[in-house]
Number of protein chains: 2
Amino acid sequence: MKKTGRLVIPRKTIYRLSIYLRCLARLKENGIGTVSSEALAKAAGVKPTQLRKDLAYFGTFGTRGLGYDVTELSKKIAEELGTSSLQPVILVGVGNLGLALLSYRGFEKEGFEIIAAFDAEPRRQRDKKIKQPVIGMEQLPEFIREHNVKMAILSVPAAVAQTVANSLVESGIMGILNFAPIVLTVPEDVMVNNVNLAIELENLSYFIQG
Amino acid sequence: MKKTGRLVIPRKTIYRLSIYLRCLARLKENGIGTVSSEALAKAAGVKPTQLRKDLAYFGTFGTRGLGYDVTELSKKIAEELGTSSLQPVILVGVGNLGLALLSYRGFEKEGFEIIAAFDAEPRRQRDKKIKQPVIGMEQLPEFIREHNVKMAILSVPAAVAQTVANSLVESGIMGILNFAPIVLTVPEDVMVNNVNLAIELENLSYFIQG
DNA sequence: AATTTCTTGTGAAATTTTTCACGAACGCTT
DNA sequence: AAGCGTTCGTGAAAAATTTCACAAGAAATT
């Protein structure tokens, strides 16, 4: 019926799959075993048809007249996202924001672990709460290769962000979560996700004043 | 040619306008007075036509054959975004992430100031580096009304996020930058921007294993 | 002042994304 | 086991967004 011809899944759909996964986790915690596309969509803040379309990109998991098995659907989405295995991540730039991200526990329970942090001045590590080692930048390439790290969080000042990014890419990093407020130029096969909190605020402020 | 009919500007365009604004600021710092759509688009990571289309939503600012005046275009975009005036913001939930955001200086120079933080247990304010007062949640509604605050950063645990959001909205908050990993339900005229770092990482990890 | 060169602004086309509409499949009830 | 009520899966339609193509306007040049 459905040829499984590895269709390219849009980026937006992937993003929503992550959201569905979190909603499903909450449902599971509450002991709910089955959920309709309508209920799950509502929890995720989307329309039911969009949810179904999103799932249709990589399979059919529901039971008509009943809905989706929460556990099974979770498993399938996690599988598709490749979230099943824990991914090591490094953080570069231990300034205010970097330090903040290091002390943030939120990543761990979501399958990511920041295994080390790097900074041009590793000594300025004052905060005792963080458990990760802060290492000098000169050891960055070696560390990445040795530990086969593929993802990095970049929280260095804008002025050096591109230079550091180049170094990351050269050492084998394939995905960068970029907090520096500039657009990074990287090879096509390297993925960059930008997070700019000031822009998010600016965005809000625009829409609330109409 | 001249249709000043207050066209609705798409959300994506608004987001990009913020990016253009930052690129322009950098150009200005470097003493560049004029820029073509091609150059600015490249700096912003978009296509030239998209840049021009984005600008066309609210006016025509360029000179054909020459490009855009950096200072003038900055001013026009800032005006359109309403970024000209400084916006007071409060932060709710001084946990790991909240504390991190408080100590992050990045907002100030972008026109936003976190004027106060709120937490159920305001006492646990250990960090001396933050300058904002940490106030008990019971004073939240009064503070919002008194200071006429319209925007809030929400960094409380998921379990209480909706409850807190309700309280914020009731007190007059119109825009929420939500870090809690749930989808908030709010009235239509209230704007929510979600930031979920775990999802961003998950997203990266998907595309790099292709 | 005419010509060339450049770059904008924009209607139209192309593409992407979302929504609709409805047939098909399943559980439940009788 | 037949009928009823639900809810999924999906092709088609609609809407939104991006890209194209090129005329038009302005500066630079001869």
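Colleague: How many salt bridges does the rule find across the interface of chain B and chain A?

Modeller: This is a predicted model. One salt bridge joins B:Arg22 to A:Glu202, where the closest N and O atoms are 3.1 Å apart. That distance qualifies because the rule asks for a side-chain nitrogen of Lys or Arg within 4 Å of a carboxyl oxygen of Asp or Glu. Across the interface of chain B and chain A, the number of salt bridges found is 2.

Colleague: Which element gives the most to the side of chain B that touches chain A?

Modeller: Several elements of chain B each supply at least two residues to that side, among them α1 (11-29), α4 (70-81), β7 (175-178) and α8 (197-209). By class, the residues on that side are 34 nonpolar, 13 polar and 12 charged. With 13 residues, the element that gives the most is α8(B).

Colleague: What is the area buried between chain B and chain A?

Modeller: In terms of contacts, 59 residues of chain B meet 58 residues of chain A. Between the two chains, 12 residue pairs are in polar contact, both residues at pLDDT 80 or more. Carbon and sulfur atoms give 66% of the buried area, which is about 5700 Å².

Colleague: Within chain A, how is α1(A) oriented to α3(A), roughly parallel or roughly perpendicular?

Modeller: Helix α1 (residues 11-29) and helix α3 (residues 48-56) of chain A have axes 10 Å apart. The residues that meet include A:Leu17 and A:Tyr20 in α1(A), and A:Leu51 and A:Leu55 in α3(A). The packing angle is about 110°. Angles of 65 to 115 degrees count as roughly perpendicular, so α1(A) to α3(A) is roughly perpendicular.

Key:
Residues numbered from 1 in each chain as written. Chains lettered and ligands numbered in written order. Predicted model: local features only at pLDDT ≥ 70, side-chain atom pairs only at ≥ 80, totals over all residues. Heavy atoms only, no water. Axes fitted to C-alpha atoms, helices over the stretch in contact; angles between N-to-C directions. Helix = DSSP H or I, 4+ residues; strand = E, 2+ residues; numbered from the N terminus. Parallel < 35°, antiparallel > 145°, perpendicular 65-115°, else oblique. Contact = heavy atoms within 4.5 Å. Buried area = accessible area lost by both parts, 1.4 Å probe. Polar contact = N/O pair within 3.5 Å; in protein donor to acceptor, adjacent residues only side chain to side chain. Nonpolar A, V, L, I, M, F, W, Y, C, P; charged D, E, K, R; others polar.
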